[in-house]
Amino acid sequence: MLRPAQLLLMLGLPLISPAAIPPVDETQVNDLLARMTQAEKIGQLSQGVINTPEEVAAASLLVREGRRGSFILSASAEQAATFRNQLQKVALEQSRLRVPLIFGYDAIHGYRTTFPIPLGLAAAWDAALVERAQAVSARETRAAGIDWTFAPMCDLARDPRWGRVAETFGEDPYLGARLAAASVRGFQGDNPAAPDRVAATLKHYVGYSATVGGRDYNATDVTPFSLRNAHLPAFQAGVAAGALSVMSGFNATDGIPAVADHHALTNILRGEWGFNGFVVSDWTSVEEAIAWGYAADRAAAARLALTAGNDMEMVSTTFEETLPAQLARGDLSPALLDEAVRRVLRGKLRAGVFAQPYTDPAALDRVALAPDALATAREAAARSIVLLKNNGTLPLAATARRIALIGPLADDAGEMLGTWPGHGRPGDVVTLAAALRQRLPASTRLDVEFGCELLETGPRTRALTDGSIVSDPAAEVDAAKAKKRWSSALAAARRADVIIAAVGEPRGWSGENASRAELDLTGRQSGLLAALAATGKPLVVVVFSGRPLVLTNVAAQSQALLQAWHPGLQGGPALAALLYGDQEPTGRLPISFPRANGQVPIYYNHAMTGRPTMVDYRDLTRAPLFPFGFGLGYTEFTYGAAEISTPPDGPAVARTIITNTGKRPGQTVAQFYVRDVACSVGARPVQELRGWETLTLAPGESRTVSFPLDSAALGFTDRQGRWLVEPGDFQVWIAPHAGTGTPLPYRLEKAL
Ligand code: BGC
């Protein structure tokens, strides 16, 4: 069986030595436990939420009685530390056992310094960069009085209709696992109790992203094989990297709510992987086991969750309400309760809340938006942006005298922040319009035009950026304004040498509870683009979105196309640098972009089929518009024919020569794909990424890349969790993206 350490080695990641994670004083844990009443124990497993002073006041009463051990601290950045200190003081001075509280929060892609959404971060294909970004996030988060972030998300993107693909690291288990482990290291460092680190949470365990129809909170169908090979690897890598906690998901696979899934939470997580942190539920998901039709009532929901291995209940209160009677009746063993409390207490010790229960309220101001934080946000934004098409219009020529920047996202600071902005502020965002004004050559004039709303507005209604439609009697005035904006944008386009269109979807249309049935540009943006294209002027389109949109028409109408995700505070300067070629575009898609809505779900690593040449649609190819791994730069690379060589002292390697055949220096991401031609367990994917190497080459320069054909490259996990490498035929290849390359046959003679 592949133990966590082996998995890390397989992923080419350094091991965190167990000594680096501070040992827990088990005597302290057991001593506290021995002195706790049953109610106090249950309190340690109960998590509340605080936003306002009134909620802090109400929570204080519970804390005094030992009835809450943790809070989600979602108050404003100014109030967070004060609220924490107030409640902590109650815990330490007025509660009987003085056990400190632990405070959690969703710092998903930044706290004050907002980074690109995780899907964007993944497009950099750079674990070290992700680690640095999360370290910045950890520093600001801890300074705000938060010990514990609910990140990284380890769910595997499967269906772009699901809004939460924005929070994933994309559709590949290998890339996802490396970036999940890097995130844990970034958040926790060597010591999650350090004043600039926080405890990490691997979420949502497990299979949440397989949600049927891409509808959030829906049931999931996950086969045991895809559970092992697609959905679990990122969690396993995160556990091996030392994550202190795991969050169970909102979903139910095979009718079992994730919060009550004993096989996943106990057999796999703790039994197979040796995870010794604690598991928190998702928001009210314990009581939702009733709505799932699994638990008959609140008592059953609490019992099933705790028995399955879910230690802490977020927001709902079934533990507090029902566990005492169930324990008294003997329906639950006290030892089970004790074990859950032990895990939470260990987590608190490891996260440093016993040693450092209070926070300096001035700390955040000292570290927020530090120069290195902004530089990292800028670097991450630039590295996340993917150039999808370019007919030579980019980089922009200094000779372009007049540029028309048009679209609802040209100058909208708030929209750049993405789905979990933390406490990032629109005032700290540099928009594309602002950045271009800075960057333009003196001789170039910039006209910025709004064009149209992001969302369609009708008479007497108005769309909010979160997607909801509110009634608004002033909307009829808006209609006249809309007409004026449209014609003014077209007039600017006609005057311009180059048009840059900044379009996409609202940030509130991706993320949680933000599924979409149609993945097109929202509102009248498609019409706007068509009108801009009809001017005949060179059209550069920049798309800001939390998911792959269907960009088929957009690509056809434009001369150049950039996918910018929701890029965070520094998206504007990053884009300006790429547009002018001050920096090379280096991003690569971590997710396939569909050609049409009807193609989804679509992902490159789908299972093999019996009639592989016959799976197209009558009316469309099955091929995506832009495949996984795809991205252009301003130079050209040639991949030579791959070959396999077998050194006497090690595993065979696949290798190829890559040459920069263009005129500029540039970067390519050499991707190593494997197909197992026959597998005893069942069809493996048609191709799987098993390594990549990023090369920066000068014009004319060549370099050889090689990937070992070892156990890590060729193996898979069977349904029992064993890592197997079966002798037989494979195909291996090295390519710049998943949609190209010539597979090379390779025969593995004996098991590795
Ligand atoms: C989300 C989690 C999040 C939690 C706490 C839930 O609705 O699914 O991802 O961590 O809320 O905010």
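The model is predicted, so local features are reported at pLDDT of at least 70 and side-chain atom pairs at pLDDT 80 or more, whereas totals for chains, interfaces and linings use all residues. Residues are numbered from 1 along each chain as its sequence is written, and side-chain values use heavy atoms, with hydrogens and water left out. Helices (H or I, at least four residues) and strands (E, at least two) are DSSP runs numbered from the N terminus.

**Backbone geometry**

- Most residues other than glycine have a negative phi, and most peptide bonds are trans.
- The peptide bond from Tyr205 to Val206 is cis, with omega near 0°, and Val206 lies in the loop between β5 (201–205) and α9 (224–231).
- Val600 and Pro601 are also joined by a cis peptide bond, with omega about 0°; Pro601 belongs to the loop between α22 (571–579) and β19 (637–639).
- Arg98, in the loop between α5 (77–93) and β3 (102–105), has a positive phi near 60°, and its relative accessible area of 44% makes Arg98 partly exposed (buried is under 20%, exposed is over 50%, and partly exposed is in between, with a 1.4 Å probe and protein chains only).
- Asn513 likewise has a positive phi, near 55°; this residue is in the loop between β16 (498–504) and α20 (525–534) and is exposed, with a relative accessible area of 57%.

**Packing of α8 on α10**

- Helix α8 (173–188) packs with α10 (residues 233–240) at an angle of about 25°, with their axes 8 Å apart, where axes are lines fitted to C-alpha atoms over the stretch in contact and angles run from 0 to 180 degrees between N-to-C directions.
- That angle makes α8 roughly parallel to α10, since angles under 35 degrees count as roughly parallel, over 145 as roughly antiparallel, 65 to 115 as roughly perpendicular and the rest as oblique.
- The crossing of α8 past α10 is right-handed, which means that the near helix is turned clockwise from the far one by less than a right angle.
- Contact (heavy atoms within 4.5 Å) is made by Pro173, Gly176, Ala177, Ala180, Ala181 and Val184 of α8 with Pro233, Ala234, Ala237 and Gly238 of α10.
- The residues of this contact comprise 8 nonpolar, 2 polar and no charged (Ala, Val, Leu, Ile, Met, Phe, Trp, Tyr, Cys and Pro count as nonpolar, Asp, Glu, Lys and Arg as charged, and the others, Gly among them, as polar).

**The largest nonpolar core**

- The largest nonpolar core has 43 residues, of which Leu388, Leu532, Val541, Leu551, Leu561, Trp565 and Phe626 touch the most other members; such a core is a set of buried Ala, Val, Leu, Ile, Met, Phe, Trp, Tyr and Cys residues joined through side-chain atoms within 4.5 Å.
- Two or more residues come from each of β11 (386–390), β12 (402–406), α19 (475–495), β16, α20, β17 (539–544) and α21 (552–557), and α19 gives the largest share, 5 residues.

**Two buried loop residues**

- Gly163, in the loop between β4 (148–149) and α8, is buried at a relative accessible area of 1% and, leaving aside neighbours within four places in sequence, is in contact with Ser510, Gly511, Ala514, Ser515 and Arg547.
- Ser545, in the loop between β17 and α21, is buried at a relative accessible area of 0% and, not counting residues up to four places away in sequence, touches Ile117, Glu505, Gln563, Trp565 and His566.
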